[in-house]
Amino acid sequence: VRRLGVVPGLPICKACGMRSMFGERSIELSPKTQCQAWVQPGFKSIFGPEIASRFSSNTKTSVENQRLKYWYRPNVMRTQQVLGEGEWVDRYSKPGGGSKKSYEKAYVNPDPFKLPPRLELLVRAGKIKRILDAGAGSCSLEGELRRKGYSVHNFLAFGAYDCSMLRICAERGSISFQHNWLIPLPVCAACKFDLIYQFAGVHHMPTVDEHGKFISNMLALLECNGV
């Protein structure tokens with residue numbers, strides 16, 4: 001979460017300057033083309049007095065878990081200086097069509113959830129310690145693991161629709177990055193995962209060839225007897 005506002009003299013990145021999950025990239029970053037994320041004037045950091053005052057030290061709930069509840073929801077809206085049609089959050093959080101209710105219940109809720117019961121039993125039993133969240137969205141999986149106190153050795157998450165969804169991850173205190181999942185992940189050859197989790201994202205790939213590339217890239221990272 002940004003403590004400060006926009007840095008003077010540094011241009012704003014177009015569409016975050018990051019690659020989408022589906023291959024496009026609006027700007028290639030280099031030492032000569034540095035840019036920064038847009039921080040809207042009404043942004044409220046958890047370190048500011050208004051939000052920080054909501055946190056309590058007289059509770060068994062950790063600061064990390066209190067953060068899931070108290071972060072300032074408007075921070076993830078209007079995340080682009082030039083709005084155009086608006087980012088995913090701006091569109092999906094609008095009233096009407098049931099999307100706003102779904103947005104509030106499943107994307108910015110204080111009690112993130114994503115694990116189906118069968119997988120949760122394996123995590124709880126300690127049989128799953130290394131997790132790759134392929135298509136992490138608003139980082140609900142990491143949020144659920146955190147709030148339930150499940151211990152994992154390695155956790156890697158990538159993939160969101162756009163900057164606004166990645167901002168939800170940041171506000172929740174989660175780390176996620178963008179990567180085109182048709183390209184092998186840039187991790188070590190020995191890096192394997194007990195669980196590779198993908199939920200409601202594969203349908204964005206329209207061809208059988210793309211499905212095959214995605215599955216091959218994921219299987220290359222899956223531990224023997226992994227899920």
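Helix axes are lines fitted to C-alpha atoms over the stretch in contact, and angles run from 0 to 180 degrees between N-to-C directions. The model is predicted: local features need pLDDT of at least 70, side-chain atom pairs count only at pLDDT 80 or more, and totals for chains, interfaces and linings use all residues. Residues are numbered from 1 along each chain as its sequence is written, and side-chain values use heavy atoms, with hydrogens and water left out.

**Exercise 1.** State how many helices and strands the chain has, and their order.

Solution. Take DSSP runs: helices are H or I, at least four residues; strands are E, at least two; both are numbered from the N terminus. The chain has eight helices and three strands. Their order is α-α-α-α-α-β-α-β-α-β-α.

**Exercise 2.** Describe how α2 and α6 pack.

Solution. Start with the axes. Those of α2 (residues 63–70) and α6 (residues 140–147) come within 9 Å and cross at roughly 130°. The two helices are therefore oblique to each other.

Next, list the residues in contact (heavy atoms within 4.5 Å). Helix α2 contributes Glu 64, Asn 65 and Leu 68, and α6 contributes Gly 143, Arg 146 and Arg 147. By class, this contact has one nonpolar, two polar and three charged residues.

**Exercise 3.** Find what share of the 227 residues is buried.

Solution. Buried means under 20% relative accessible area (1.4 Å probe, protein chains only). Of the 227 residues, 40% qualify.

Methods:
Buried < 20%, exposed > 50% of the residue type's maximum accessible area, 1.4 Å probe, protein only. Parallel < 35°, antiparallel > 145°, perpendicular 65-115°, else oblique. Nonpolar A, V, L, I, M, F, W, Y, C, P; charged D, E, K, R; others polar.
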